Amino acid sequence: MTIDFSPLIPLSALAVLAALALLLAGLSLVRGTRGALLRTLALAALCLALANPVLNQEEREPLSTIVAVVVDRSQSQDAAGRREATDRALATLKDRFARFPAIEPRIVEAADGAETETPSTRLFAALSTALSDVPPGRVGGAIFITDGQIHDVPDINRPLGFDAPVHGLITGQPNEIDRRIEIVSGPRFGIVGEDQEVAFRVINDGPVPAGPAQVRISLNGNEIATEQAEPGTDLPFRFTVPRGGNNILEFAVAPVPGEVTEANNRAVHVLDGIRENLRVLLVSGEPHSGERAWRNLLKSDASVDLVHFTILRPPEKQDGTPINELSLIAFPTRELFVEKIKEFDLIIFDRYQHRGVLPIIYYDNIAQYVENGGALLIAAGPEHAGPDSIASTPLSAVLPANPTGTMDEKAFYPRLTDEGKKHPVTRGLAGADSEPPQWGRWFRTVDVDRPQGQTVMQAADGKPLLVLNRVGQGRVAMLLSDQGWLWSRGFEGGGPSVSLYRRMAHWLMQEPALEEEALTARASGRSLEISRQTLKGDPGPATLTLPSGQTQAVTLSEAEPGLWRASLSTAETGLFEIANGELTTLVHVGTVDAPEFKATVSTEETLRPLAEKTKGLVHRVAAAGGIDVPALLPVRGPVRVADADRLSLRMTDETVLKGVNSLSLFTGLLGLAALLLILSATWAREGR
């Protein structure tokens, strides 16, 4: 209740009147005038009436106390029954809060940062958001239901923005154990064929039995080594980059019995293989119109070191010119096909025929080169159907087709076969979708017997035109026409010669993107895209194994002939495994070194310093046969002492103003009667 003044006349006039009244009263009292005291009282009452005192009485309603309950819904809470314990603890808290109408719980659930690619448990950020519109005086406390793996706990000296206890209800069992593996360092790029080093570390959390851990190491799905790693020690591992493009190195540590989760027992390192100065040997049997097309294509690629020889003077050509007067150089056959053959990534025979330039044993050496992982491309012309064809040498052991000895001299449009429409070398070639194809004609091909491997392009009457085959560890391609140069020259509109030749060369050099049977996966944020290349039709659903260990079937839809895809979003982050048939692949969603996967054992230590400072309680809810949630303890005024068995909450004293009742003391009959009484008493005293 308060008294305010609302003057009936201006304050300046009221001040003058009050001064005059004070002067008159003073003179009367000094001179001892009869009735001076009553006259002074009457003047004071008159001034007070003009000041108009008002009595105000406020109607206030007490505000509720806000208590934030932050629930940890991160991935680490999926382990060892923690999610069930969290749900039960939250339900118990809700029942306890229902007994205190003056307490308003504000429940907020915090995931592991789904909006980012770096998963982490940020509970204090969620707390700040939940209390952003609450005055500090109304906050009665904060209760965290978590496994203790919190990655944004503020510094102990940093203010929280409120003065109330912070409590922690910890899920999980005491003395939990977990084993995990981390990539310490490793290059992002590597030269194909050269050694690279990746360092990894095995970490034991909790009382894990002592001793080394077995680590299996796989490269692109194939196990390449097994190491014994001492926990806590960095261990380097050297390997040779096998191919261009993505290379996935996987480290899997053997689990220990009773560990919290096996989701972090694997780690991957992705390295992009780069081919440095691809060495290509191009041997042209004789000068011809299409020779420059191959040379121009290979020379236009800055990453290709081209060695090109054209046979201008075969041994049977004898015109009597002395050797020392010839401007030609000798063909270094031994150096190329014996001493340095393994240095070449691709050998191309362009209209080459056996004319005694290469000793017969060298063809066998080339065949062994292919079987051991080399690449061979035969661009055949009329000579391949003649008596000097290289198909009659030991090289025939690796060739996918043998000539019949005849040439098909007929104009035709090169067309894709059914396999060719699916094969990554020829799938989607520009102009192939129409009939006839939107490219120029060719006019002759080498007739061959039924070829091995895949016939991806055909000539007139369905005869083979482009044949691809695998031999041992290597690959062979045969282009059974020498008229691809017509496309390069733009004859009848030309054709996709550059795309076709480049894809052939990359397939021969085993680029992963051009594998006929391949399963790949790519992550972008929380989206996962699965691609399956196959020549065999519908591959069926893929099996997706999530980091939590759960599996789900993913239906693949045909995006193009021979290419099946599926896209999905995932709430989990970590290492995903995709399997389809005999193929498997791995992909990591989110940052590889995200805090969410570095430690998973439950702990009370992260919240303990803050709880001790704010007089809060950290309590593990696991109990025999259920859970144990401490009782609530409302406290009036500041919480000065922590309670070891209850969750102390500071009750607020704040209220909200609902209304104000005002009463003017000198208005109405009561005020008028008081003034008349005093004036009458003055008149009566003076009238005696």
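The model is predicted. Helix α7 spans residues 360–371, and the largest nonpolar core holds 39 residues.

**Helix α7**
- The 12 residues of α7 reach 18 Å from the first C-alpha to the last, close to the 16 Å expected at 1.5 Å a residue.
- Buried positions in α7 are Tyr362, Tyr363, Ile366, Ala367, Tyr369 and Val370.
- These residues lie on the same side of α7, because they cover an arc of only 155° around the axis.
- The elements covering them include α6 (333–339) and the strands β17 (346–350), β18 (375–379), β23 (464–471) and β24 (474–479).
- Just after α7, Gly373 adopts a positive phi of about 115°.

**Nonpolar cores**
- Within the largest core, Trp294 and Leu346 touch the most other members.
- Helix α10 (residues 497–508) supplies the largest share of this core, 6 residues.
- Beyond its neighbours within four places in sequence, Leu346 contacts Arg279, Val280, Leu281, Tyr369, Ala375, Leu376, Leu377, Ala505, Leu508 and Met509.
- A second, separate core has 37 residues, among them Ile341, Ile366, Val467 and Leu480.
- In soluble globular proteins, nonpolar side chains tend to be buried together.

- Leaving out residues up to four places away in sequence, Arg646 touches Leu617, Pro630, Ala631 and Leu633.
- Arg646 and Leu617 are 29 residues apart in sequence, and their C-alpha atoms are 7.5 Å apart in space.

Note on methods:
Residues are numbered from 1 along each chain as its sequence is written. This is a predicted model: local features need pLDDT of at least 70, side-chain atom pairs count only at pLDDT 80 or more; totals for chains, interfaces and linings use all residues. Side-chain values use heavy atoms; hydrogens and water are left out. Helices (H or I, at least four residues) and strands (E, at least two) are DSSP runs, numbered from the N terminus. The expected span of a helix is 1.5 Å times one less than its number of residues. Buried means under 20% relative accessible area, exposed over 50%, partly exposed in between (1.4 Å probe, protein chains only). The arc is that of the directions from the helix axis to the C-beta atoms. Contact means heavy atoms within 4.5 Å. A nonpolar core is a set of buried Ala, Val, Leu, Ile, Met, Phe, Trp, Tyr and Cys residues joined through side-chain atoms within 4.5 Å.
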